[in-house]
Amino acid sequence: MTSPSPTLVLGLGNELFSDEGVGVAAMRALAQQQLPGVDTVDGGTLGVELLPTVAGRTHLLIFDAVTSEKAAPGDILVLTADEVRAGHQILFSAHQIGISQVLAAAELAGHGTMEIAGVGMAPFSLDTGYGITSGAEQRLEEMVAAGRDILESWGVIEPSGHTSHQRA
Amino acid sequence: MSKIVVDPITRIEGHLRIEAQVDGDQITDAWSSCTMWRGIEKILSGRDPRDAWYFTQRICGVCTTVHALASVRAVENALGITPPLNAQLIRQLITASQFVHDHVVHFYHLHALDWVDIISALDADPEGTAELAQSISDYPKSGTGHFRAVKARLADFVAKGQLGPFSNGYWGHPAYKLPPEGNLLAFSHYLDALEFQRQYIEIHALLGGKNPHLQTYLVGGVAIPIDPNSQNAINAATLAKLRSLLEEGLRFVQQAYIPDLLLVASFYPEWTQIGGGLGNFLAFGEFPAGAANPSEDPDGLFLPRGIILNKDLSTVHPVDPKKIAEYVTHSWYSYEAGDDVALQPFDGETTPNYTGPKPPYDFLDTDGKYSWIKAPRYDDVAMEVGPLARMLVAYASGRKEVVDAVNWALGELGVGPEALFSTIGRTAARGIESLVLAEHSLTLLDQLTANIAAGDLQIHNGELWEPDTWPKEAIGFGMHEAPRGALSHWIKIVDQKIDRYEIVVPSTWNGSPRDANGQRGAYEAALIGTPIADQQQPLEILRTIHSFDPCMACAAHIIDKDGNPVVEVTVL
């Protein structure tokens, strides 16, 4: 196995529930750009099993579906490290161990990540069905561009020269 | 009399919800509900049966391997395909290491926190902790200096105010009984478990071709090649690395998991009397000898197939899959023949009929329909599945490795086999199983190594790979004993495509609502008699529910940007 890059782009979500999988779709779209020095991983809905993937990275960008009372479907939301980390859960199941727990666990275990950010899209639908909705499909490019902006701001990749996306 | 509701609910979708009726300081009745409908099986209709595993492994983020395996077994059963021995052994190695990994994660990262008060560890004396650690295990990191450093690390973490995995714990709850030193010891091993699982899961990368999502499953075998002369295949170096990882896994289970489990159990003796539940147990069994598909042949399973009824360990009853049928009397579906009948999975109907209240609501109508989970029954009897079911069936069947491990653990705790029928018994069964399977995984590796050494490199039986070799219609089912219990996939293939697909997951057995005869599901039965010290902090409910390691097989996880709590505890 080749050794991992210090920067990881992690796509999260369940592709069986339409826009629940939008984070994975965004990760795949970004992966096609083959950015040097950036690893892209389909994290699916894996919980604590993501620990080895996340541990030891210096920069972590997460794509995911995100809900917010203020967001309309298709809105692109940028999450700060604290917002990604925040998680207040009593868990019934190990399956509910989310990314916030994984990050905290990595930190506790001495494998903390320096820079963390998230880019989310508010879903149009979470109905059962493989693949994202056409609405989300149309907004995907902007979601990926928002992710690129973050990688640029970290100095991980060179500016693309593309028009920067507009914040929703 | 009052009612407690524990509901890890988000605005969009729900998971498991428990309503418990409390009289005085004790639960007198309980209802288990899954508040989300997924209907995943519908995605599979019309697809190529050989692709089903790929979709089913996405059902759930933790159970990826188990659905993939049950799915390929179902298709192999339908089409009469026998995978070669190497493929069976590789699948079993993945399975055995999945069990050990899953159980360690469950114990340290979820369940231990029901028994271990993390904040109390800040009061621990490092020297006393070292004495305690050395008295129960020869685990290497047990010195005073080590525990002083761990305590400082915890204090630092708590001081930052981001409790992360420990936020919203019921710290300081009167039901916590471990001394501060025991809590610090457990926290130290919590950290080590993180490191352990980080390394141990490499087994899946070595055998699965890719991690985190395994790509190795294939109808008729596995996709990862074996070639002693290739860098890109399972070779001698892979086998050596596997051995070292499996041996490390065994050491961690022997030196940390088991002693910690016994320590916890020794401080909570009353929990060997609580949480017993149904007393009926079903295990499909796992780890077939040779190349047999366990869906077809239960003989030679390392963990045997069987049923225990009414806590009677003197008789193990055989399992006939035809006796599995599902009720929807209290589930949000309707059957054409009426809601009081039970249907076998091959004839299953999934027609949603939501009659519940419009959210937000205080209570479900538990006299009527109250869950999205159906109620599977075996021969009309409610069953518990999972580690306790497996260990009891294996114990009662006389499987030597299990009998020895169970008797040893019971001896250490000074209790008899009746203590197994409890919350602690369920938790202990998971640890005992980890020990037995960590050892068995080395046997499996020996078999794989010997088979390769004998010149057998076959990993796939492609005889019936092409759809034009298939019959016009075929039905099959795949049985797999997953870490959480008996899992079955049922497939009907028509004209080379999936016509129907049904999945009966372990947590459907355990989390089921009542059936037409009013029989409770396993969670519901297990909660009766549970003491509740503080209704606002129902730690005791979590203890028993966690002992089952529930999986609602929905695994939809969404970040809530507003940081809303995802569990509501309501006492009314």
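The radius of gyration is taken here over C-alpha atoms, and the globule rule is 2.2 Å times the number of residues to the power 0.38. For the 572 residues of chain B, that rule puts a compact globule near 25 Å; chain B has 23 Å, which agrees. The model is predicted.

**Chain B overall**
- Chain B contains 14 helices and 17 strands.
- Its C-alpha atoms fill a box of roughly 70 × 60 × 55 Å along the principal axes.
- Of the 572 residues in chain B, 57% are buried.
- Take the contacts in chain B between residues at least 6 apart in sequence: 74% of them join residues at least 24 apart.

**Strands β8 and β12 of chain B**
- Strand β12(B) spans residues 375-378 and is covered on both faces.
- Ala375(B) and Arg377(B) are buried on one side, Pro376(B) and Tyr378(B) on the other.
- Strand β8(B), residues 324-327, runs antiparallel to β12(B), and four bridges join the two.
- Ile324(B) has Tyr378(B) as its bridge partner in β12(B).

- Ser18(A) sits in the chain A loop between β1 (7-12) and α1 (22-31).
- Ser18(A) counts as buried because it has 23 C-beta neighbours inside 10 Å, and the cut-off is 20 or more.
- Phe287(B), also not glycine, has a positive phi near 70 degrees.
- Phe287(B) lies in the chain B loop between β6 (281-283) and β7 (306-308).
- Phe287(B) has 22 C-beta neighbours inside 10 Å, so this residue counts as buried.

How values were computed. Residues are numbered from 1 along each chain as its sequence is written. Chains are lettered from A and ligands numbered from 1 in the order in which they are written. This is a predicted model: local features need pLDDT of at least 70, side-chain atom pairs count only at pLDDT 80 or more; totals for chains, interfaces and linings use all residues. A residue is buried if 20 or more other C-beta atoms lie within 10 Å of its own, exposed if 12 or fewer, and partly exposed in between; C-beta atoms are placed from the backbone. Two residues are in contact if their C-beta atoms, placed from the backbone, lie within 7 Å. Two strands pair if DSSP finds at least two bridges between them.
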